[in-house]
Amino acid sequence: MNTKEELADKILMDHDHVTIVIERLCHQLIETYQDFKDTCIIGIQSKGVALANIIHQRLTTILEKEDIEYGKLDITFYRDDFRTRDKPLTANRTEIDFYLEGKNVVLVDDVVFTGRTIQSAMTALNHYGRPNRVELLALIDRRFKRDLPIKTDYVGMRVDSIDNKYVLVQLESDEDYHVYLKPK
């Protein structure tokens with residue numbers, strides 16, 4: 001039987017911590033890509049898009065540059081478990097109005113766990129051209145349950161936890177950024 005303490009959420013990052021981490025991630029991207037010429041930000045639908053929106057908005061503000069290319073990628077039909085689910089999956093819209101041919105792509109997701117979402121995203125990206133380079137940015141990297149050889153290039157926090165917990169990222173509003181470790 002679980003105690004109250006075991007059932008309680010553990011706060012991994014509060015609002016201030018998430019804000020600082022996002023700022024650091026943006027500056028790391030600027031160090032690599034300076035003016036973002038031939039570089040784009042792609043958020044993975046659905047949970048990576050909230051983080052990608054924040055990253056894109058912050059980069060636009062810091063660089064005072066309105067033309068950083070940004071898109072949203074749906075991977076529903078590229079998932080390896082697409083046909084094995086009990087309930088049908090609901091697809092989101094892919095919103096990429098530019099070609100990726102020869103570009104540097106920064107793929108953004110909230111949590112990297114098994115690596116299967118990233119594999120699906122990389123397969124889906126190929127329909128928009130052949131990128132020069134693809135890098136991965138994640139707020140949380142859960143590195144102890146990787147099923148595929150996927151690595152994060154830019155990471156907010158690495159979390160090592162047991163399988164009966166999951167990471168919940170909340171980025172709903174500017175005043176409510178939180179990351180929790182919760183029991184399944």
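Among contacts (heavy atoms within 4.5 Å) in the protein between residues at least 6 apart in sequence, 68% join residues at least 24 apart. The structure is a predicted model, in which local features need pLDDT of at least 70, side-chain atom pairs count only at pLDDT 80 or more, and totals for chains, interfaces and linings use all residues. Residues are numbered from 1 along each chain as its sequence is written, and side-chain values use heavy atoms, with hydrogens and water left out.

**Overall architecture**

- Four helices and eight strands make up the secondary structure; helices (H or I, at least four residues) and strands (E, at least two) are DSSP runs, numbered from the N terminus.
- Along the sequence, these elements follow the pattern α-β-α-β-α-β-β-α-β-β-β-β.
- The radius of gyration, taken over C-alpha atoms, is 17 Å, close to the 16 Å that the globule rule (2.2 Å times the number of residues to the power 0.38) gives for 184 residues, so the protein is as compact as a globular protein of that length.
- Along the principal axes, the C-alpha atoms fill a box of roughly 55 × 40 × 25 Å.

**Burial and charge**

- Of the 184 residues, 45% count as buried, meaning under 20% relative accessible area with a 1.4 Å probe and protein chains only, whereas exposed means over 50% and partly exposed lies in between.
- The protein has 26 positive side chains (Lys and Arg) and 32 negative ones (Asp and Glu), with His and the chain ends not counted.
- The centres of these two sets lie 6 Å apart, each charge being placed at NZ of Lys, CZ of Arg, CG of Asp or CD of Glu.

**Confidence**

- The mean pLDDT (the predictor's confidence in each residue, from 0 to 100) is 88, and 91% of residues reach 70 or more.
- Confidence is lowest in helix 1 (residues 4–7), at a mean of 44, and highest in strand 2 (residues 39–44), at 98.
- Over residues 1–7, pLDDT stays under 50, and the model has five contacts beyond four places in sequence for this stretch.

**Individual residues**

- Val 49 belongs to helix 3 (residues 47–63) and is buried, with a relative accessible area of 8%.
- Beyond its neighbours within four places in sequence, Val 49 contacts Gly 43, Ile 44, Tyr 70 and Lys 72.
- Most residues other than glycine have a negative phi, and most peptide bonds are trans.
- Gln 45 and Ser 46 are joined by a cis peptide bond, with omega about 0°; Ser 46 is in the loop between strand 2 and helix 3.
- Glu 64 has a positive phi near 50°, is located in the loop between helix 3 and strand 3 (69–73), and is exposed, with a relative accessible area of 74%.
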